[in-house]
Amino acid sequence: MRTIVKRPQPDALTRWRQARLAANKPAGMDCSYAELRRDTAAITAVEDALFAEQGGICAYTGHRLWLNDEGGGCRRRVGFHCEHLKSQERCRDLDGAVYGEDADYRNLVACWPPANCRYELPYGARAKGSWPRAADDQLFVSPLTAGCSERFRFSRFGRISPANADDTAALETIKRLCLDNGALTALRRAEIQGKLKGIRRAEAKRLLQQLRADGARLDAGQDTQLTPFCFAVEQALEREVRKLEGIRDMIRNRSRSDKG
């Protein structure tokens with residue numbers, strides 16, 4: 001997971017929410033996610049905005065997302081679902097619920113898999129379900145949390161662990177979202193190994209700089225497509241660069257010693 005820098009909510013959603021929040025809940029005018037899904041213009045604007053601000057990767061797992069909207073009467077295809085950081089159940093039915101929060105843009109992120117898919121993934125948003133409850137909020141490392149990427153460590157083989165062994169929230173988030181699931185680990189491993197295979201120091205440094213630049217452009221509000229699992233690949237590349245530079249320095253020192 002990497003920190004998502006939320007952009008302003010789409011104008012279409014602002015208009016949609018303002019009308020419903022001022023309407024005092026008449027039939028068909030609820031400010032709820034269920035009603036939002038029925039407004040094509042508003043939900044399309046939300047999906048477009050979430051996909052753009054996340055650089056086309058899943059908020060929890062880093063899996064590649066996709067969005068095909070060619071217009072001209074072609075069917076729109078959305079390769080993700082709108083996920084609620086605070087569950088719809090908590091937004092609607094429990095004590096402390098805030099009216100309209102399940103349709104609040106800051107409560108929404110884009111996650112794999114697509115809505116209404118025919119299979120249930122054992123990790124990510126599907127594993128999270130309605131967690132966390134209010135009592136567990138402090139145990140959830142949200143992708144909106146600054147520096148959330150640094151709270152997880154990824155090995156070159158795709159394995160995940162808390163960066164700090166005492167970080168109980170990172171450990172609980174891994175557990176609840178099943179981020180250490182074998183299939184997800186294999187996807188991260190394939191992406192990392194594909195980048196590292198046979199790589200030389202200069203190429204590793206260039207690729208690392210590119211990943212960092214892509215992330216910086218996205219966080220600055222530019223539309224950029226990120227590499228799947230980029231946060232895990234970036235950590236692996238950082239270690240690879242240090243290793244290759246260490247080998248280079250060792251060879252240089254040995255050469256100087258031989259000449260002396």
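**Cavities, pockets and salt bridges**

The largest cavity in this structure, which is a predicted model, has a volume of about 60 Å³. Its lining consists of Arg2, Thr3, Ile4, Glu53, Gln54, Ile57, Cys58, Ala59 and Leu218. Sorted by class, the residues lining the largest cavity are five nonpolar, two polar and two charged.

How many cavities of 30 Å³ or more does a search of the whole structure find? Two. The second largest cavity holds about 30 Å³ of space. Met1, Tyr60, Thr61, Phe154, Ile160, Leu179, Arg188 and Phe231 form its lining. Here the classes are six nonpolar, one polar and one charged.

Now the pockets. The volume of the largest pocket is about 420 Å³. Its lining has 20 residues, and those nearest the centre are Ser149, Glu150, Phe231, Glu234 and Gln235. As for secondary structure, β5 (152-154), α8 (201-219) and α9 each contribute at least two residues to the lining of the largest pocket. Which element gives the most to that lining? That is α9, with seven residues. By class, the lining of the largest pocket has nine charged, seven nonpolar and four polar residues.

Let me stay with Gln235 for a moment. Gln235 sits in helix α9, which covers residues 230-259. Is Gln235 buried or exposed? Its relative accessible area is 15%, so Gln235 counts as buried. Leaving out residues up to four places away in sequence, Gln235 touches Ser149, Phe152, Arg153 and Phe154.

At least two lining residues come from each of α3 (40-53), β2 (77-79) and β3 (81-84). The lining of the second largest pocket divides into seven nonpolar, five charged and one polar.

On to charge pairs. Side chains of opposite charge can pair when their charged atoms come close. In the whole structure, the search finds 22 salt bridges.

Take Asp214 and Arg217, whose side chains meet in a salt bridge at 2.2 Å, N to O. The two residues are about one helical turn apart, because they lie three residues apart in helix α8. Asp214 is buried, since its relative accessible area is 8%, whereas Arg217, at 33%, is partly exposed.

Next come Arg38 and Glu35, which form a salt bridge at 2.7 Å, N to O. Arg38 counts as exposed because its relative accessibility is 60%. Glu35 counts as buried because its relative accessibility is 17%.

Last, the network. Salt bridges link Arg37, Glu47, Asp48 and Arg76.

Methods
Residues numbered from 1 in each chain as written. Predicted model: local features only at pLDDT ≥ 70, side-chain atom pairs only at ≥ 80, totals over all residues. Heavy atoms only, no water. Helix = DSSP H or I, 4+ residues; strand = E, 2+ residues; numbered from the N terminus. Buried < 20%, exposed > 50% of the residue type's maximum accessible area, 1.4 Å probe, protein only. Contact = heavy atoms within 4.5 Å. 1 Å grid on protein atoms, 1.4 Å probe; cavity = no way out; pocket = protein on both sides within 12 Å on 5 of 7 lines; lining within 4 Å. Points joined across faces, edges and corners; volume = space filled by probe spheres on them. Nonpolar A, V, L, I, M, F, W, Y, C, P; charged D, E, K, R; others polar. Salt bridge = Lys/Arg side-chain N within 4 Å of Asp/Glu carboxyl O.
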